[in-house]
Amino acid sequence: ELVGGAELLLDAPRIVAWLQRQAKVPENRDRWLGVLWRVIAILFAGFVAEWIVRRLLSRTRLSIEGQERDSLWLRLPFLIARTFIDIVPIAAFAAAAYVIMPLLDPSELTRLVAIGLVNANIIARAVMSAARTFFMPRATNLRIISIGNETANYIVLWLRRFTNIGVYGYFFVEAALLLGLPMGGYLALIKIIGLLLTLLMVILILQNRSGIAGLIRGPDNGGIAGLRILRRRFSDIWHVLAIIYVAAIYLVWMLEISGGFESVFRATVLSIIILFAAKLAIIGSRHGVNKGFGLRPEVMQKYPGLAARSNRYFAILHIVMATVILFVAVFATLEAWGVDSFGWVSTDFGRRIIGSIVSIAFVLGIAVIFWEMVSSAIEHYLARSAEGEVELSARAKTLLPLLRKALLIVVSTVVIFIILSEIGVNIGPLLAGAGVVGLAIGFGAQTLVKDVITGVFILAEDQFAVGDVVRVNDKAGSVEEITIRTIRLRDLGGNVHMIPFSSVGMVENMTKDFSRYVFDVGIAYRESVDDVIDVLRELGAEMQADDYYGKLINKPIEIMGLDKFADSAVIVRARLTTKPIKQWEVGREFNRRMKRKFDQLGIEIPFPHQTIYFGEEKGGGAPPAYIQMAQKRARPDPAQAQSPERPAQTDRVENVSDDGGE
C-alpha cells in the first residue's frame with residue numbers, strides 16, 4: 001500500500017495534469033478560491049478572538065505564575081486557575097470560529113474543511129495546554145513534578161513536535177481528501193505521517209540513550225548481584241530494543257495486519273501495568289517485612305548484635321521476595337504477549353520443581369532458625385558475661401565460640417546434602433566418597449589429626465582458656481584465640497605466636513583461677529629482719545585498704561620469713577595472692593611503695609659489693625696491708641745510686657686499717 005501510494009504521488013505527469021485542471025477549469029478554480037478565503041476568514045476570526053482574550057488574561061496569568069507555595073495542596077488551586085486561564089483563549093478561538101462559520105454561508109465542502117482545521121487547532125492546543133499544566137516550563141513554582149527547567153522545556157518541546165505532526169498532519173490530509181486527493185495518495189500520506197512520527201520517536205530514544213541507561217543501571221552496589229548485572233547489560237542495549245519495538249509497531253500498523261496493532265497495543269499496556277504492579281508489590285513487601293518483623297527501638301538498643309543479625313536476614317528476605325515477584329511479573333508479561341509461560345507448572349516436571357523449591361526453602365528456614373537460636377543464646381551469655389551480669393568460667397568462654405563454629409559446620413553440611421538430595425543428586429556415593437577421602441586424608445595428614453585430638457584433650461582438661469597468660473614450650477604470652485588445631489599467643493612485645501597443639505610439650509599457666517606475685521626483698525646485714533617484716537605487713541594492709549588495688553588482692557600478704565643469706569644482702573621472701581593476670585600490676589605497685597617506705601625509714605637495700613679480710617693479729621689488732629705498686633724504672637747509675645740527695649726507691653706500705661676491717 002505504501003508503494004502504491006508513493007507511485008501515485010510520484011507520478012508527476014498525473015499530478016501536474018490534476019493541478020492544471022484545478023487551475024484552468026473555472027468551476028474548480030472558483031471552488032478552490034471559495035474554500036480558501038472562507039477557511040482563512042474563519043481561522044482569522046478565531047485567532048483574533050484568542051489573541052484578545054489572552055491579552056485580557058495576561059496580567060492575571062502572570063500574577064498566578066508568581067505565587068510561591070511549598071506544599072502541593074497549596075499549589076493545586078493556583079495550578080487549576082493557571083490551566084483554566086490557558087484553556088479560555090482556546091475556547092474563545094473555537095467559539096469565534098464556529099460563530100463566524102455560518103455567517104459566511106459556506107458550502108458543505110468548505111464547512112467540512114473548516115471544521116477539520118478548526119478541530120485540529122483545538123486538539124493540538126488542548127494537548128499542549130495539558131502538557132504545560134503538568135510540566136510548567138515557565139512557572140517553576142507551580143510545577144507538581146520534581147524536574148529541572150531544562151528537562152521540563154525539553155519534554156514540552158518534543159510533545160509539541162509529536163502533536164503538530166500527528167494532529168495537524170492528519171487533519172490536513174483529511175482536508176486534502178475532501179478536496180479531491182485520490183485515495184492512494186491519501187493512504188500514502190497517512191503512512192508517511194506515521195513514518196515521521198516513528199523517526200521522531202527513534203531520534204528521541206537516541207537522544208536520551210545515556211540518561212535512561214543510567215536509570216536502568218541503578219547504583220553500583222546493593223541489591224541482588226545477578227539482577228545488578230542483568231540491569232547493567234540491559235542498560236547497554238535498551239535503545240536497540242526500543243527502536244525495534246517502535247519499528248515493529250509501525251510496520252504492524254502500516255501493513256494493517258488484522259488485529260495486529262490492537263494485540264500489540266493491548267500487550268504493551270498490560271506489560272506496563274504488570275511492571276508497575278510488580279514495583280508496587282516489591283515496595284509493599286519491603287515495607288511489610290520491615291513493619292511486621294522489625295525490632296522495636298528499645299530491643300535494638302538492648303541487643304545491638306541482634307539488630308545487626310536481623311537486618312542481615314531482612315536483606316536476604318527482601319531479595320528473595322523481590323526475586324519471586326520479578327519472576328511472576330516476567331511470566332505474566334510473557335502471558336500478555338501470547339506465550340504460555342505458566343503451562344509448565346501443571347506438568348510433572350513443573351510440579352517436581354515447585355515441590356523441590358518449597359522443600360529447600362523449608363529446610364533452609366528451619367536450619368536458619370535453629371542456628372540463630374543457638375548462636376543468639378551463646379552470644380547472649382557471652383555478652384552478659386562481658387558486662388558482668390553473670391559469671392562464666394574461662395573454660396566456658398573458650399568452648400562456647402568453638403561450639404558455635406562446630407555447629408555451623410555440621411548444620412551447613414547437613415543442609416547441603418539435603419538440598420543436593422532434593423534437586424535429584426544421589427548423595428549415597430557422595431557420602432561413601434567422603435568417607436574414603438576422609439580416611440585418605442587421615443592417613444596423609446596425621447599431624448593435623450594429632451593437632452585436633454590433642455586440642456580436644458587440652459580443652460577437655462581445661463588446661464588454659466582464652467585470656468590466660470601461659471608459657472607454652474619457650475613462648476609466653478596471652479592466649480588470644482584457640483582454634484581446633486592451634487593456639488594463638490601474643491607476647492609482651494606484641495608478637496603473635498601460632499603454636500599447633502601437636503607441638504605442645506609443657507604448658508605453664510600463670511593465671512589459672514588466681515595469681516601470685518613473689519617478693520624477694522634484699523636488705524643489708526645490719527638491718528633488723530623483724531622490723532622489715534613489720535614494714536612489709538603494713539604495706540600489704542595498706543594495699544588491701546586501697547580502693548582500686550584492694551579489689552585485685554584475694555587475701556593478706558604472706559610473709560615466709562628470712563629465705564637465705566646472699567653475698568650482699570639478707571633475703572626476706574613474701575607473696576601476694578591476686579585476681580588472675582593482676583599479679584604484675586599489684587606487684588609493681590607494691591615495689592613502688594616498698595622503695596618509698598624503705599627510703600623514709602632508712603632501711604638499706606644493698607647493691608652488690610665485696611669485703612676484703614686481711615686476717616687478725618694475736619693481740620687483736622689488724623695487720624698492716626701491704627700494697628706493692630709495681631712500676632717500670634730505668635736502671636740507676638752506680639755513681640748516683642747512694643747519692644745523699646736522692647734516697648733509695650722502696651715500696652710504699654700503708655696500714656689501711658687498724659681494727660681488722662676494710
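Author: Y517 lies in strand β6, which covers residues 515–523. Keep in mind that this is a predicted model. Now look at what Y517 touches. Leave aside its neighbours within four places in sequence. Y517 is then in contact with A574, R575, L576, Q583, W584, G587 and N591. Next, compare sequence and space. Y517 and E585 are 68 residues apart along the chain, yet their C-alpha atoms are separated by 9.5 Å.

Move on to a loop. I581 lies between β8 (570–578) and α18 (583–601). Check its backbone. The phi angle of I581 is near 70 degrees, a positive value in a residue other than glycine.

Now turn to charge. Helix α17 spans residues 529–545, and D534 is found there. D534 belongs to a negative surface patch, formed with D530, D531 and E538. A patch residue needs over 30% relative accessible area. D534 has 40%, so it passes that cut-off. The label for D534 is partly exposed.

Some charges pair up instead. Side chains of opposite charge can pair when their charged atoms come close. One group forms a network of salt bridges: E542, D546, E589, R592 and R593 are linked in it. A simple pair is K555 with E558. Their closest N and O atoms are 3.7 Å apart, so the pair falls within the 4 Å limit for a salt bridge. K555 is partly exposed at 33% relative accessibility. E558 is also partly exposed, at 23%.

Look elsewhere in the chain for two more pairs. The side chains of D86 and R54 meet in a salt bridge, at 3.8 Å from N to O. This pair links distant parts of the chain: D86 is in helix α4 (residues 72–103), R54 is in helix α3 (residues 26–65), and they are 32 residues apart. How do the two partners sit, buried or exposed? D86 has 4% relative accessibility, so it counts as buried, the cut-off being under 20%. R54 has a relative accessible area of 26% and is partly exposed.

The other pair is D236 and R217. Their side chains form a salt bridge of 3.9 Å, N to O. Here too, distant parts of the chain are linked: D236 in helix α9 (residues 225–254) and R217 in helix α8 (residues 209–217), 19 residues apart. D236 is partly exposed, with 40% relative accessibility. R217 is partly exposed as well, at 29%.

Step back to the whole. A search of the structure finds 15 salt bridges. The protein chain holds 18 helices and 8 strands. Of its 662 residues, 29% count as buried. The chain exposes about 42,000 Å², and carbon and sulfur atoms supply 65% of that area. Finally, think about contacts. Take those between residues at least 6 apart in sequence. Of these, 65% join residues at least 24 apart. Y517 shows you one local case: L576 and W584 are among the residues in contact with it.

How values were computed:
Residues are numbered from 1 along each chain as its sequence is written. This is a predicted model: local features need pLDDT of at least 70, side-chain atom pairs count only at pLDDT 80 or more; totals for chains, interfaces and linings use all residues. Side-chain values use heavy atoms; hydrogens and water are left out. Patches are made of residues with over 30% relative accessible area and no salt bridge: like charges are joined within 9 Å, nonpolar side chains (Val, Leu, Ile, Met, Phe, Trp, Tyr) within 5 Å. Accessible areas come from the Shrake-Rupley method with a 1.4 Å probe; for residues, only the protein chains shown count as cover. Lys and Arg count as positive and Asp and Glu as negative; His and the chain ends are not counted. The place of a charge is taken as NZ of Lys, CZ of Arg, CG of Asp or CD of Glu. Helices (H or I, at least four residues) and strands (E, at least two) are DSSP runs, numbered from the N terminus. Buried means under 20% relative accessible area, exposed over 50%, partly exposed in between (1.4 Å probe, protein chains only). Contact means heavy atoms within 4.5 Å.
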